[in-house]
Amino acid sequence: MRAKRTAALATALVCTCTAGPALAAVAGHSSGSGAAPIGIITRTSPQTITSPTPTTTTTTSTSTATTTTTTTTSTMTTPPPMLLVCLSSVRRVIAARLGVSAAGVTDRQFLAANGMPQCNYLIAHARRGGPRGKVVLTANVDNGPQAHWRLMRKVVEASQIFGPVPKGFRPPRQVRGLGPYASWFPALNQMMAINIHGRYLLTVGVIWYHTTPTERIAITRAVITIYRHIPRLAD
């Protein structure tokens with residue numbers, strides 16, 4: 001009996017050594033335990049972990065410098081030539097009409113408010129032709145274009161009244177013998193006319209206190225007649 005047991009153990013030992021892991025696996029499975037089988041090596045396939053590659057977006061900013069060149073155009077307007085409008089012939093006429101010597105008539109040329117040359121004639125004391133007092137005569141020579149049209153417009157505008165006629169209104173009076181549209185403007189004490197070649201718009205005014213309209217018209221007409229018969233003034 002002991003000999004049979006010894007033989008069985010020897011056979012089992014041989015089988016165990018021969019079968020090795022397979023028997024151990026069967027023995028473990030037959031144990032009925034819920035734990036993981038002892039002696040079983042589980043090979044796990046290596047997992048490849050892919051790290052996300054950071055994407056770097058490079059934005060290239062292009063700065064465009066815009067250079068704006070401003071061109072300034074200067075227009076040079078040539079002013080009309082400066083006419084010599086203070087005349088010795090006018091001084092002599094004024095002196096004869098007012099009863100003074102030619103040396104008693106002084107003159108001065110300058111640019112008037114309309115940008116045109118003007119001569120002021122000054123007489124300290126008139127001897128005849130009106131009150132014996134100070135007289136100032138102004139002669140403005142406008143050599144701009146369209147002299148006839150501008151004189152006509154001046155006469156028309158000075159004659160227009162919109163609404164009730166204001167007290168003391170005096171429209172321009174036509175002056176015969178001095179060309180088309182020649183007129184006396186009572187409100188301004190001025191006479192206007194065009195020279196014989198239509199080149200100049202002439203305006204002669206007077207400051208002479210305590211005189212009648214007839215006396216003022218007479219002296220301004222004598223002066224403007226001299227200018228009107230000059231075809232071209234020196235410059």
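Q: In which loop does histidine 210 lie?
A: In this predicted model, histidine 210 has a positive phi of about 65 degrees although it is not a glycine. Its place in the chain is the loop between β7 (201-207) and α5.

Q: Is histidine 210 buried or exposed?
A: The relative accessible area of histidine 210 is 76%. Exposed means over 50%, so histidine 210 counts as exposed.

Q: Where is asparagine 189 found?
A: Asparagine 189 is not a glycine, yet it has a positive phi of about 55 degrees. With a relative accessible area of 23%, asparagine 189 is partly exposed. It is found in the loop between β5 (183-185) and β6 (190-194).

Q: How many helices and strands are there in the protein chain?
A: Read from the N terminus on, the elements run α-α-α-β-β-β-α-β-β-β-β-α. The count for the protein chain is five helices and seven strands.

Q: What percentage of the residues of the protein chain count as buried?
A: A residue is buried when its relative accessible area is under 20%. The protein chain has 235 residues, and the part that counts as buried is 28%.

Q: Among contacts between residues at least 6 apart in sequence, what percentage join residues at least 24 apart?
A: Contacts in the protein chain are taken here between residues at least 6 apart in sequence. Among these, the share that joins residues at least 24 apart is 58%.

Q: What distance does helix α5 reach from its first C-alpha to its last?
A: Helix α5 covers residues 213-228 and has 16 residues. At 1.5 Å a residue, the expected value is 22 Å. The model is close to that, with a reach of 22 Å.

Q: Is α3 roughly parallel or antiparallel to α5?
A: The axes of helix α3 (residues 88-98) and α5 come within 10 Å and cross at roughly 155 degrees. Angles over 145 degrees count as roughly antiparallel. Therefore α3 is, relative to α5, roughly antiparallel.

Q: Is the crossing of α3 and α5 left-handed or right-handed?
A: Two packed helices are described by the angle between their axes and the distance between the axes. For α3 and α5, the handedness of the crossing is right-handed.

Q: How many nonpolar residues has the contact of α3 with α5?
A: From α3, Ser89, Val90, Val93, Ile94, Arg97 and Leu98 take part, and they meet Ala218, Ile219, Ala222, Val223, Ile226 and Tyr227 in α5. By class, this contact has one polar and one charged residue, and the number of nonpolar residues is 10.

Q: What is the distance in space between arginine 228 and histidine 197?
A: Arginine 228 is found in helix α5, where it is buried with a relative accessible area of 14%. Leaving aside neighbours within four places in sequence, arginine 228 is in contact with Gly177, Leu178, Gly179, Ile194, Asn195, Ile196 and Leu202. Arginine 228 and histidine 197 are 31 residues apart in sequence, and their C-alpha to C-alpha distance is 8.6 Å.

Q: Which residues does arginine 108 touch, not counting those up to four places away in sequence?
A: Arginine 108 has its place in strand β1 (residues 105-111). Its C-alpha atom is separated by 8.3 Å from that of glutamine 118, 10 residues apart along the chain. Beyond four places in sequence, arginine 108 touches Cys86, Gln118, Cys119 and Asn120.

How values were computed:
Residues numbered from 1 in each chain as written. Predicted model: local features only at pLDDT ≥ 70, side-chain atom pairs only at ≥ 80, totals over all residues. Heavy atoms only, no water. Helix = DSSP H or I, 4+ residues; strand = E, 2+ residues; numbered from the N terminus. Expected span 1.5 Å × (residues − 1). Axes fitted to C-alpha atoms, helices over the stretch in contact; angles between N-to-C directions. Parallel < 35°, antiparallel > 145°, perpendicular 65-115°, else oblique. Left-handed = near helix turned anticlockwise from the far one by under 90°. Contact = heavy atoms within 4.5 Å. Nonpolar A, V, L, I, M, F, W, Y, C, P; charged D, E, K, R; others polar. Buried < 20%, exposed > 50% of the residue type's maximum accessible area, 1.4 Å probe, protein only.
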